[in-house]
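Thanks for asking me to look this one over. My notes are below, as numbered points you can follow with the coordinates open.

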Amino acid sequence: MNSIKGKVVLITGASKGIGLATAQKFADKGANLVLVARSKDLLQSIGTKIKEQYGINILCIPADLSISNQVERVFEELKSHFGRLDILINNAGRGIFNYIENGSVKEWKEVIDLNITGLIQCTHLASKIMIPQRSGHIVNISSVAGRVGIPGWSVYCATKWAVVGFSESIRKELIKYNIRVTVIEPGVVATQWGENMPEEWIRSRGSMKALKAEDIAEAIYYVVSQPDYVSVNELLIRPTEQER
Ligand SMILES: NC(=O)c1ccc[n+]([C@@H]2O[C@H](COP(=O)([O-])OP(=O)(O)OC[C@H]3O[C@@H](n4cnc5c(N)ncnc54)[C@H](OP(=O)(O)O)[C@@H]3O)[C@@H](O)[C@H]2O)c1
């Protein structure tokens, strides 16, 4: 296993759920962290607690990653604070439930601008740091919804399928710079994810034992701690009881 101690790791969507669990796991392993999410106060208090507990170097940057100049600001602050980036975890993502005859351009754009454009822009700016380093690892969080179609989640599914295609393409582009790319596709994880979910949808999941955010954090840690010559390109992780 490769140690991540001292590595600089940027985690998007780090204020809750999978991103927060990953920040805690990586801090425990001695990585230095850049945490990004919109919730300024929440992010700052997470940063303070993690720093106190683990003594790592940590930078918290409140930003809306669906807005391009805010993404640029994140990378400017990262570069002036750390001057390098070893691992990018593109985790921030939203899903808004709606059937295709409903919804609106505004709603679709909110999801697409974060889940696709924001993720691509973060990857673009990270590649400009990682290519001169001749090292790096980009981990993109897609979903089971990036492998199947799900009624009510068509726009979300479209974004997560896009993340799978994007990841496989940049993997081939970045091989020559010694940069690894992984896409992770979780099934149902017990977090606050999902907006506008109708009761019938929540009921349809029944009493299934969902994954925990920590299970996905463990999977992310597994892929980034492989020896340099090992590139785990794709991981699909479902709760044992999840059929679709
Ligand atoms: N939970 C699941 O069942 C599941 C399954 C498969 C895949 N996933 C994917 O896993 C990833 C993490 O989801 P989660 O379950 O941990 O969800 P979550 O608990 O809702 O956390 C989402 C994170 O993204 C941040 N975020 C949302 N909009 C943002 C924006 N515009 N700019 C910057 N940060 C933003 C949120 O923080 P702020 O609100 O503070 O901005 C939060 O930290 C997502 O990409 C999701 O699609 C989740």
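1. A word on handedness before we start: a crossing is right-handed if the near helix is turned clockwise from the far one by less than a right angle, and left-handed if anticlockwise. Please keep in mind, too, that this is a predicted model.

2. With that in hand, look at helix H3 (residues 68-82), which passes H4 in a right-handed crossing. The two helices pack at an angle of about 30 degrees, and their axes are 10 Å apart. Angles under 35 degrees count as roughly parallel, so H3 is roughly parallel to H4. On the H3 side the contact is made by Ser68, Val71, Phe75 and Lys79, which meet Gly118, Gln121, Cys122, Leu125 and Ile129 of H4.

3. The pairing of helix H1 (residues 17-28) with helix H7 (residues 213-224) has an angle of about 55 degrees and axes 8 Å apart. H1 and H7 are therefore oblique to each other, and their crossing is right-handed. H1 contributes residues including Gly17, Ala21, Thr22 and Phe26 to the contact, while H7 contributes, among others, Ile216, Ala217, Ile220 and Tyr221.

4. Which residues touch the most other members of the largest nonpolar core? They are Val9, Ala23, Leu33, Leu35, Val36, Ile216 and Ile220, out of 65 residues in that core. H4 gives the most to this core, with 8 residues. Leaving aside residues up to four places away in sequence, Ile220 touches Thr22, Ile89, Val139 and Ile184. As background, nonpolar side chains tend to be buried together in soluble globular proteins.

5. Helix H5 (residues 154-174) passes a simple length check: at 1.5 Å a residue its 21 residues should span 30 Å, and the end C-alpha atoms are 30 Å apart, which agrees. Its buried residues are Val155, Tyr156, Cys157, Thr159, Lys160, Val163 and Ser167. Their cover includes helix H4 (105-133), strand S5 (136-141) and strand S6 (179-186).

6. Two backbone spots deserve a look. Arg134, in the loop between H4 and S5, has a positive phi of about 60 degrees although it is not a glycine. Asn178, in the loop between H5 and S6, is likewise not a glycine and has a positive phi of about 65 degrees.

7. Are these two residues buried or exposed? Arg134 counts as exposed because it has 10 C-beta neighbours inside 10 Å. Asn178 has 14 C-beta neighbours inside 10 Å and so counts as partly exposed.

Notes:
Residues are numbered from 1 along each chain as its sequence is written. This is a predicted model: local features need pLDDT of at least 70, side-chain atom pairs count only at pLDDT 80 or more; totals for chains, interfaces and linings use all residues. Helices (H or I, at least four residues) and strands (E, at least two) are DSSP runs, numbered from the N terminus. The expected span of a helix is 1.5 Å times one less than its number of residues. A residue is buried if 20 or more other C-beta atoms lie within 10 Å of its own, exposed if 12 or fewer, and partly exposed in between; C-beta atoms are placed from the backbone. Two residues are in contact if their C-beta atoms, placed from the backbone, lie within 7 Å. A nonpolar core is a set of buried Ala, Val, Leu, Ile, Met, Phe, Trp, Tyr and Cys residues joined through C-beta atoms within 7 Å. Axes are lines fitted to C-alpha atoms, for helices over the stretch in contact, and angles run from 0 to 180 degrees between N-to-C directions. Angles under 35 degrees count as roughly parallel, over 145 as roughly antiparallel, 65 to 115 as roughly perpendicular and the rest as oblique.
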